[in-house]
Amino acid sequence: MSGRAIVITSGKGGVGKTTTAANIGLGLAKHGRKVALVDADIGLRNLDIIMGLENRIVYHLVDVIRGRCQVRQALVKDKRFPQLSMLPASQIDQKESVTPEQMKDVTAQLKEDFDFVLIDCPAGIEQGFRNAVAGADEAIVVTTPDVSPVRDADRVIGLLQNSLGDPQLIINRIAMDMVKRGDMLNQQDVLDILAVRLLGLVPDDEEVVIAGNRGAPVILNEHSRSGKAYDRIARRILGEDVPIPELNGHGGLMHRLGKMLFRR
Amino acid sequence: MSWDTIVQRFFGAKGSKDEAKGRLQIVLAYDRLGLSAEQMEALRKDILEAISRHISIDVDRVKVDFQHHQNPAEVVINAPVRRTRRPAEEPKPSEAKQSVG
């Protein structure tokens, strides 16, 4: 088997890379694919806690690279979806303790056993970024519709175009009420600026925070708007032609009550 | 939204996203060129010198902008002309917009 290795990156920190990686990973696994999620953020591991797998780690990425264990021994299997495994980052090592060549090697090993290898990239464009990108075949760039993440996304897109070609874009945390009153860049504005292919839109959703608290990514909540958005993204990655819907604001309580009463 | 903003909006103030888009387009134009502030300043000076050899311009009010939203990107130089061709007349400042591909 030779799987697809996809790096999830952003430049700017805090825009939802890890959340995106976790949800897409689960989404692909739900659709029956074998998925390995790799946390490449050495020194600041977070994928484990977002996935709710933090108590089951025995070995980590740097152990594999140092030859202290086999890749298979370091993989933590997700009990909710046995076809999904996570390779955790080391929390005590430095990003510089790994080279791009070594990352390439680990990714190549994983590609033999999995349909998808999703690499959660650290923020920034230094060594950690170069490591995460080294073994990838494709890239997904995550941004939010704010000025600094969009600027950093542009920088990262430029760097990726030199190595992996055009990445695809996910615009995260879109607040529709703000877009509607002209106080937030809309999807077309962001695409005008960044000029890349759109993979999906994810609405701003409190459920993501709750999911993080519980260690149960939001895609497991089938009623959540963001969970549905991640499921559509996973299906697009699988080649399904899923249209990108216009996001609607959920409105406030009064708005929803009004809707129920008057069936507007 | 603060009350101030709500009141301003009521009287027709526009949302802030156009400002965000405009500022991003300018900053990314520079980012993508990979020119530093000093290099930009050197380019501006050279352009001004070249124009000044032929027409008198108001150097302090000259603007050099990169516009990336059209393809290919354009360098737009906005140089207010100080004097028209007839130096006998009272000098009237007028805006001359010049586009260099």
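Predicted model: local features only at pLDDT ≥ 70, side-chain atom pairs only at ≥ 80, totals over all residues.
Chain A comprises twelve helices and eight strands. Its C-alpha trace extends over about 65 × 40 × 35 Å along the principal axes. Where contacts in chain A join residues at least 6 apart in sequence, 77% of them link residues at least 24 apart.

Within chain A, one helix pair can be described in some detail. Two packed helices are described by the angle between their axes and the distance between the axes. Helix α5 of chain A, formed by residues 100-113, and helix α6 of chain A, formed by residues 127-134, have axes that come within 7 Å and cross at roughly 35 degrees. The crossing in which α5(A) passes α6(A) is right-handed. On the α5(A) side the contact is made by P100(A), M103(A) and K104(A), which meet R130(A), N131(A), A132(A) and A134(A) on the α6(A) side. By class, the residues of this contact between α5(A) and α6(A) are four nonpolar, one polar and two charged.

Two residues of chain A stand out by their backbone angles. Most residues other than glycine have a negative phi. R173(A), however, has a phi near 60 degrees, a positive value in a residue that is not glycine. This arginine is placed in strand β7 of chain A, which covers residues 168-174, and R173(A) counts as buried because it has 21 C-beta neighbours inside 10 Å, the threshold for burial being 20 or more. A195(A), likewise not a glycine, has a positive phi of about 50 degrees. The setting of A195(A) is the loop between α9 (187-194) and β8 (197-203) of chain A, and with 14 C-beta neighbours inside 10 Å this alanine counts as partly exposed.

Chain B contains three helices and three strands, which follow one another along the sequence in the pattern α-α-α-β-β-β. Of the 101 residues of chain B, 4% count as buried. Among contacts in this chain between residues at least 6 apart in sequence, 38% join residues at least 24 apart.

In helix α1 of chain B, which runs over residues 3-10, lies T5(B). This threonine is partly exposed, since 13 other C-beta atoms are found within 10 Å. T5(B) and G15(B) are separated by ten residues in sequence, and their C-alpha atoms are 9.6 Å apart in space. Helix α2 of chain B consists of 17 residues, 17-33, which at 1.5 Å a residue should span 24 Å; the C-alpha atoms at its ends are 24 Å apart, in agreement with that expectation. Just after α2(B), G34(B) adopts a positive phi of about 70 degrees.

The two chains are in contact with each other, and the contact draws 14 residues from chain B and 14 residues from chain A. On the side of chain B that touches chain A, the residues divide by class into four nonpolar, four polar and six charged.

Note on methods. Residues numbered from 1 in each chain as written. Chains lettered and ligands numbered in written order. Contact = placed C-beta atoms within 7 Å. Nonpolar A, V, L, I, M, F, W, Y, C, P; charged D, E, K, R; others polar. Helix = DSSP H or I, 4+ residues; strand = E, 2+ residues; numbered from the N terminus. Expected span 1.5 Å × (residues − 1). Axes fitted to C-alpha atoms, helices over the stretch in contact; angles between N-to-C directions. Left-handed = near helix turned anticlockwise from the far one by under 90°. Buried ≥ 20, exposed ≤ 12 C-beta atoms within 10 Å, placed from the backbone.
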